[in-house]
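Please look over the sequence and the model below before reading on.

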Amino acid sequence: MASITITSPTGTSNFVKGTTNTISWSKSTLSGTWGNVAIDLYRDGSYVKNIVQNLSGSVQSYSWSVPSNDSDIFEDDGYQVRVITSHDDDDGGDGGGLD
């Protein structure tokens, strides 16, 4: 079964408004076809918002510029990202997870 492991950020993070943060992941297999990627933001395990969607399945990182006026982001710890995709060896759906 194909899977994704988030390599950065690890654990919980503090995303500061107005900064750029690299979100990266590795894939358990580079063969086959990966679907488009979406990245969601969680805080203390609860969904906050979608960061990006429809990234090419071939990429393994994304530079997120945290908007300085984003009212959903508090400059506090406890944030996690979830990378979501599908692979042709799976039934589709969530290929990542909170890390």
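1. D40 is found in strand β3, a strand being a DSSP run of E of at least two residues, numbered from the N terminus. The model is predicted, so that local features need pLDDT of at least 70 and side-chain atom pairs count only at pLDDT 80 or more, while totals for chains, interfaces and linings use all residues. Residues are numbered from 1 along each chain as its sequence is written, and side-chain values use heavy atoms, with hydrogens and water left out.

2. Around D40, contacts (heavy atoms within 4.5 Å) beyond the neighbours within four places in sequence include Y47, N50 and R82.

3. The sheet is open, with three strands in the order β4-β3-β6 and antiparallel pairing, where pairing requires that DSSP finds at least two bridges between two strands. Because β4 (46–55) and β6 (79–84) stand at the edges with a single partner strand each, one side of each has no neighbour in the sheet.

4. Strand β3 (residues 37–43) pairs with β4 over six bridges, and I39 has V52 in β4 as its bridge partner.

5. L55, which lies in strand β4, is buried, with a relative accessible area of 15%. Among the contacts of L55 are W25, I39 and Y62.

Notes
Helices (H or I, at least four residues) and strands (E, at least two) are DSSP runs, numbered from the N terminus. Buried means under 20% relative accessible area, exposed over 50%, partly exposed in between (1.4 Å probe, protein chains only).
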